Amino acid sequence: MNVYRYINSKDVRSYAEEIEYHFSTPETAFLVYHSDGKTLEERMQAWQEIISTMPDCQIEKRNWLGATDSFLSVLSDYIELQKRKIKSFSVGNGYVYRYSTYERSYNGLMDWNDQEDIFFSDYDSCVNYCKKYELAEDGIEKIRIYKGKLNPTTDEIATNRAGGYIELSMQWDILEIDTALAYDKDTYTLDLDCMFNGMCFNFPTPFKRGDIVTTHGTRECNGIPFVFSYISTWDSKEMFKRGFHANECPWNKGWEEYDKCRENLLKNGDLTDMHVLGVLSDQGKLYQDNILIVPTDLEYYTGELEGCNRQLKPLSLYEKGEIDYELLVNSCFSIRAEEMAKEIRADCIRPYRREIMEKIGVVSADDTAKPNKT
């Protein structure tokens with residue numbers, strides 16, 4: 001099985017191939033689960049291939065799933081649950097359906113646009129409406145159809161059995177389904193459906209402290225560049241290898257306690273514990289944040305750094321030890337002052353006609369500033 005094709009990041013994919021990393025059976029199943037651009041049917045076929053071709057293993061008890069002697073048996077149950085969820089979503093009385101489109105919003109980023117005032121009495125009517133009125137719209141990448149029960153009981157609400165959603169491509173293939181309507185009345189089914197959210201792995205990546213990176217596709221930060229620091233699953237050995245020094249432990253308790261925490265994280269953590277830390281630029285300010293993405297979504301940033309994002313370059317060099325703090329501080333101050341001056345100048349000349357501003361010498365004919373043209 002070609003596991004590498006299920007890695008979202010082209011850079012992580014190339015690195016894993018280069019070092020010939022052999023993914024375990026649970027790691028492979030997770031990569032299939034997390035892979036973008038694959039339909040649910042394609043994922044189920046890949047999981048079935050894993051069951052047929054890869055070795056079985058035990059898994060220890062985790063937050064979302066009990067211990068089992070056969071991971072492949074659990075994976076088989078997971079596939080059957082997805083099939084039941086699909087079947088249950090489009091049937092049943094006493095439900096209403098609505099939809100949401102995934103498209104580019106006013107700020108230029110992709111986001112969900114909910115159609116909250118349009119309802120349908122059955123699944124097929126909602127799908128047919130979307131095919132007729134939304135399929136021809138430019139910029140829509142996928143559609144979610146939501147199902148909600150009329151007059152649900154408090155128990156149904158508490159157990160999330162009052163509805164859910166199904167996500168469809170513009171070719172009407174199922175991408176994802178999220179509903180508890182097919183759950184059995186036991187904790188195993190609930191845990192089974194969440195089992196991939198309860199996994200945490202230390203995947204191989206090529207990134208080092210100070211690299212300027214971004215995120216693949218529509219993950220958090222949505223292609224915004226930031227300076228990479230480290231990955232939460234790295235132990236001290238990996239931290240030293242990737243650019244940290246003995247006096248730079250992120251924990252004030254020291255490296256020994258840090259390693260104990262990381263060991264516990266991989267044993268008991270979940271998907272949200274497998275994240276990236278880095279420094280972003282926002283409205284001129286630099287701040288460190290937990291970028292809540294799986295590290296296999298991380299890619300090198302290859303675009304131009306513009307505006308206050310230009311601060312990321314000196315910060316990158318500082319993190320790599322190529323410049324000192326004095327040059328870092330002064331260069332970032334210079335960039336901020338320059339960008340602030342541009343904003344002030346633009347605000348001052350915006351109300352006036354270009355001809356007047358050129359006449360008094362405030363702007364030139366080839367100036368990129370934008371005074372009023374009328």
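N151 sits in the loop between β3 and α6 (154–158), where helices (H or I, at least four residues) and strands (E, at least two) are DSSP runs numbered from the N terminus. With a relative accessible area of 74%, N151 is exposed; the word exposed stands for over 50% relative accessible area, buried for under 20%, and partly exposed for what lies in between (1.4 Å probe, protein chains only). The phi angle of N151 is near 50°, which is a positive value in a residue other than glycine. Most residues other than glycine have a negative phi. A second case is E20, with phi near 55°, and E20 belongs to the loop between α1 (10–18) and α2 (25–34). E20 counts as exposed because its relative accessibility is 57%.

This is a predicted model, in which local features need pLDDT of at least 70 and side-chain atom pairs count only at pLDDT 80 or more, while totals for chains, interfaces and linings use all residues. Residues are numbered from 1 along each chain as its sequence is written, and side-chain values use heavy atoms, with hydrogens and water left out.

**Salt bridges**

Side chains of opposite charge can pair when their charged atoms come close. A salt bridge is defined here as a side-chain nitrogen of Lys or Arg within 4 Å of a carboxyl oxygen of Asp or Glu, and by this rule the count comes to 16 salt bridges. Three of these pairs are set out below.

| Pair | N to O distance |
|---|---|
| E167 and R144 | 2.7 Å |
| R209 and E319 | 2.8 Å |
| R310 and E339 | 2.8 Å |

Where in the chain do E167 and R144 lie? E167 is in strand β4 (residues 163–169) and R144 in strand β3 (residues 142–149), so that the pair, 23 residues apart, links distant parts of the chain. Both E167 and R144 are buried.

The bridge between R209 and E319 starts from the loop between α7 (187–193) and β6 (212–215), where R209 lies, and ends in helix α10 (residues 312–319), so the pair ties together parts that are 110 residues apart in sequence. R209 is buried, because its relative accessible area is 12%.

In the pair of R310 and E339, R310 comes from the loop between β10 (298–300) and α10, whereas E339 belongs to helix α11 (residues 325–349), and the two are 29 residues apart. R310 is partly exposed, with a relative accessible area of 25%, while E339, at 11% relative accessibility, counts as buried. R310 and E339 also belong to a network of salt bridges that links R310, E338, E339 and K342.

**Surface patches**

Patches are made of residues with over 30% relative accessible area and no salt bridge, with like charges joined within 9 Å and nonpolar side chains (Val, Leu, Ile, Met, Phe, Trp, Tyr) within 5 Å. A negative patch is formed by D111, D114, E116 and D117; Lys and Arg count as positive and Asp and Glu as negative, while His and the chain ends are not counted, and the place of a charge is taken as NZ of Lys, CZ of Arg, CG of Asp or CD of Glu. D111 lies in strand β2 (residues 110–120) and is partly exposed at 44% relative accessibility. A nonpolar surface patch is made of Y318, Y325 and V329, with about 330 Å² of accessible area together, as found by the Shrake-Rupley method with a 1.4 Å probe, where for residues only the protein chains shown count as cover. V329 is found in helix α11.

Helix α4 (residues 71–89) has 19 residues and reaches 27 Å from its first C-alpha to its last, close to the 27 Å expected at 1.5 Å a residue; the expected span is 1.5 Å times one less than the number of residues. Among the buried residues of α4 are F71, L75, Y78, Q82 and F89.

The protein chain as a whole has 12 helices and 10 strands, and 44% of its 374 residues count as buried. Its C-alpha atoms fill a box of roughly 75 × 55 × 40 Å, taken along the principal axes.
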